[in-house]
Amino acid sequence: MKAILIAGALSLLITLIGTRFAISVLVKQGYGQLIRDDGPTSHHTKRGTPTMGGLVVIIAVVIGYFVAKLATQTAPSASALLLLFLFVGLGAIGFLDDFIKVSKQRNLGLRSKAKLIGQTVVGLIFAVLAIGWEDDAGRTPITHYFSFTRDFDSWRLPTILLVLWVLVLVAGASNGVNLTDGLDGLATGAAMMVFGAYVFINIWQSNQNCATNPGIKCYEVRDPLDLAVVAAALTGACFGFLWWNASPAKIFMGDTGSLSLGGAMAGFALMTRTELLLVIIGGLFVAITMSVILQVGWFKLSGGKRIFRMAPLQHHFELLGWAEITIVVRFWIISGLCVATGLGIFYSEWVTGV
């Protein structure tokens, strides 16, 4: 528990102080956000706001985790190291995308194909290592089974299908957060709630872990307490970054932050055996992603008609005349309800044993 508190508090402090410093540096370098001409006109006032703030979040999480391990004199676990690899690896892809945009002063950074290839490479390395990295008891960070609140023992996947499933989750979650990151503080606040939920889930799984507390309701999860340390670092980092990212935002996280945070969500879902539960806990991200899929699909099928005035979903409400801060707060409420529902389902499964 000491490591969890240290990681969360230090990450919070680093982003509170470090983001202010990053704003000054990015402004001097002229690394400001470019605004799409086809987006809501109210966004044009945001042109020039520093971006790539997700780099501060990444640094804060990595430092927070390793300092917590040093302070408690405990070794990093395989699960935590793999999750950090996924987090940092996707952040590096996002950083490259952001850097191309701001350095060349164009809306297009990495082409979608190049970005997908990068996500696939990082996800593939993560999947292969997570499947094969066994501990002394023969447990691996992720298993061959689908999961909801725990593994479905009858749904075993062949290795090739498991790898594909990991890639789908990683790409889906990272792109989902990326699509949500369109209004000041929206994605940061919602992500903070999701990672806070995983702090609770990992602590609970540690207390009821089959390795230390065997029983009919125990969890076959590897390194849950160390994953809680990473989740706490992510929660604290999002909290600190939100101070500067809340409306009116002084800095944006960019793809550097959104891709890395989404990848971390996928990693937690896989390692805590809550893959399908993430659809509920991260319900806001799912809804916003679905709005884009529905909009594009219906546009093509109907020959140019639209379901929403604009996708992603948050921009539809902007064009309806809702104030940005109103949309953000109401979407935060929705995200909070999704997280609470997911945690309720997780706990009730343990209580009932169903």
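## Exercises on a nonpolar patch and a helix pair

Phe66, Leu81, Phe85, Ile117, Val121, Ile125, Leu129 and Trp133 make a nonpolar surface patch of about 640 Å². The model is predicted, so that local features need pLDDT of at least 70 and side-chain atom pairs count only at pLDDT 80 or more, while totals for chains, interfaces and linings use all residues. Residues are numbered from 1 along each chain as its sequence is written, and side-chain values use heavy atoms, with hydrogens and water left out.

**Exercise 1.** Determine which elements give two or more residues to the nonpolar patch, and classify Ile125 by its accessibility.

*Solution.* Begin with the elements, which are α3 (78-104) and α4 (112-132). Of the elements, α4 gives the most, with 4 residues. Finally, because its relative accessibility is 39%, Ile125 counts as partly exposed (buried means under 20% relative accessible area, exposed over 50%, partly exposed in between, with a 1.4 Å probe and protein chains only).

**Exercise 2.** Describe how helix α10 packs with helix α12, and name the residues that meet.

*Solution.* First take the geometry: α10 (residues 283-302) and α12 (residues 324-352) pack at an angle of about 120°, with axes 8 Å apart. This angle makes α10 oblique to α12 (under 35 degrees counts as roughly parallel, over 145 as roughly antiparallel, 65 to 115 as roughly perpendicular and the rest as oblique). Then list the contacts (heavy atoms within 4.5 Å): Gly283, Leu284 and Ile288 in α10 meet Phe331, Ile334, Ser335 and Cys338 in α12.

Conventions. Patch = residues over 30% accessible without salt bridge, like charges linked within 9 Å, V, L, I, M, F, W, Y side chains within 5 Å. Areas by Shrake-Rupley, 256 points an atom, 1.4 Å probe, with all protein chains shown as cover. Salt bridge = Lys/Arg side-chain N within 4 Å of Asp/Glu carboxyl O. Axes fitted to C-alpha atoms, helices over the stretch in contact; angles between N-to-C directions.
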